[in-house]
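Here is a friendly walk through one protein model, from its charged contacts to its cores and sheets. Please keep the structure open beside the text as you read.

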Amino acid sequence: MQDVPEANTSRSRSEAALWFAELKNRSISVERVAAFRKWRQDPANRRAYDEIDGLWRSGDALVDDPDMQRLAADVLASTSPSAMARRRRRAAVGAGLLAAAIVLSVGVWRPWQPRLVTKVGESRIAVLSDGSKVTLDTATKIVVDFAGDRRRVTLSRGRAFFDVAHDKTRPFVVEAGNERVEALGTRFEVRKDGDQVQVSLMEGAVKVENLHGDRAQSPVLAPGDQLAATDGAVVRRKVDMQVQTSWRDGKLIFKETPLQAAVGEVNRYSQQKVELADEGLEDVKVSGVFKTGDTAAFASAIATLYRLELEADGRTVRLRPRG
């Protein structure tokens, strides 16, 4: 593949940002649309525009990000564009097009590293700049770095499901703790709870390697495989992916799950927490389908099913044996 000069790349990105801002203006003329289509015929221009468009699709997670706000302000303060560019830039900022504003610095392309975050009880779907889709579970944070020929996502906490766009020239890698997951054209889930990292594969294949271990021993997972790694200890098993990924539909499915584990999952989705007031309840097996975030309904169902007492105190719901 022929290298594109950096100056041309920067020009394409700057022009793409201006076009993106202008096309968001509802009063754009037919002539300008035709001019845009002609400009976009150039492969470098098309790639630059598609990248900005992908960024903007997930931009609602960045608008309130202080780092992104500062970066946009720096760009706006440091450039001296033409009058037409200034008008387009004002239109971009007025419309809240943060993605366009950030790449308006002439001759400079700053690596884009959006942070996508969900709060407790929140989930969201984002389209990344390469067309890949990521679904974030409750209380999750990822950082996306697609600079140059790499596609890297860092999962700091929580759980995310990835539907990866195929691109042989740019590997898609997810890093969580000490584990590095390389997608080989696939759909998979990565979860990080403290020091434990869990990788579950729905479709395709992924290679999981420990960043401090022997890369020759990096396993390749098959659909239905799950790998859990904690402090160097690795467990590989088969799982029901329908159950494993039910959270994407706003549900939690339990099949003969220890009550303590079920309570732990339910508590992830709400500020109201369930507590077991008796250690003898921890290993009681639970089966059923529950709505994420509906702590009261879960606690009520468990209390009724197992003839337990339910005691609500502020943000805590306690389950204890009767009498």
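## Charged contacts

Seven side chains, those of Asp137, Arg159, Glu189, Arg191, Asp193, Glu265 and Arg268, are linked in a network of salt bridges. A salt bridge here is a side-chain nitrogen of Lys or Arg within 4 Å of a carboxyl oxygen of Asp or Glu. A search of the whole structure finds 20 of them.

Before going further, a word on the source: this is a predicted model, in which local features need pLDDT of at least 70 and side-chain atom pairs count only at pLDDT 80 or more, while totals for chains, interfaces and linings use all residues. Residues are numbered from 1 along each chain as its sequence is written, and side-chain values use heavy atoms, with hydrogens and water left out.

| Asp163 | Arg187 | 3.6 Å |

Where do Asp163 and Arg187 sit in the chain? Asp163 belongs to strand S5 and Arg187 to strand S8, and the pair links distant parts of the chain, 24 residues apart. Helices (H or I, at least four residues) and strands (E, at least two) are DSSP runs, numbered from the N terminus. Asp163 is partly exposed, at a relative accessible area of 31%. On this scale, buried means under 20% relative accessible area, exposed over 50%, and partly exposed in between (1.4 Å probe, protein chains only).

Asp240 is partly exposed at 36% relative accessibility, and Lys255 is exposed at 52%.

## The overall picture

The protein has nine helices and 18 strands. Of its 323 residues, 44% count as buried. It exposes about 16800 Å², with carbon and sulfur atoms supplying 48% of that area; accessible areas come from the Shrake-Rupley method with a 1.4 Å probe, and for residues only the protein chains shown count as cover. Among contacts (heavy atoms within 4.5 Å) between residues at least 6 apart in sequence, 51% join residues at least 24 apart.

## Inside the protein

In soluble globular proteins, nonpolar side chains tend to be buried together. A nonpolar core is a set of buried Ala, Val, Leu, Ile, Met, Phe, Trp, Tyr and Cys residues joined through side-chain atoms within 4.5 Å. The largest one has 28 residues, of which Val134, Val153, Phe162, Phe172, Phe188 and Val190 touch the most other members. Strand S5 (residues 151-163) gives the most to this core, with four residues. Another core, of 21 residues, lies apart from it and includes Leu252, Ala299, Ile302 and Leu319.

Leaving aside neighbours within four places in sequence, the contacts of Phe188 include Ala160, Phe161, Phe162, Leu201 and Met202.

Helix H8 (residues 259-267) has Leu259, Ala262, Val263, Glu265, Val266 and Asn267 buried. Their cover includes S5, strand S8 (187-193), strand S14 (251-258), strand S15 (273-276), strand S16 (285-291) and helix H9 (295-305). Glu265, one of these buried residues, is also a member of the salt-bridge network.

## Strands and sheets

Strands of a sheet pair through backbone hydrogen bonds, either parallel or antiparallel. Two strands count as paired if DSSP finds at least two bridges between them.

Strand S7 (residues 179-183) and strand S10 (residues 206-210) pair in the antiparallel sense over five bridges, and Glu179 has Asn210 in S10 as its bridge partner. S10 also pairs with strand S11 (residues 220-221), in the antiparallel sense over two bridges; there, Val206 is partnered by Leu221.

Elsewhere, three strands form an open sheet in the order S15-S18-S17, with mixed pairing. S15 and strand S17 (308-313) are the edge strands, each pairing on one side only. S15 pairs with strand S18 (residues 316-321) in the parallel sense over four bridges, and Glu275 stands opposite Arg318 in S18. H9 packs on the sheet, touching S15, S17 and S18, and its direction makes about 155° with that of S17. Axes are lines fitted to C-alpha atoms, for helices over the stretch in contact, and angles run from 0 to 180 degrees between N-to-C directions.
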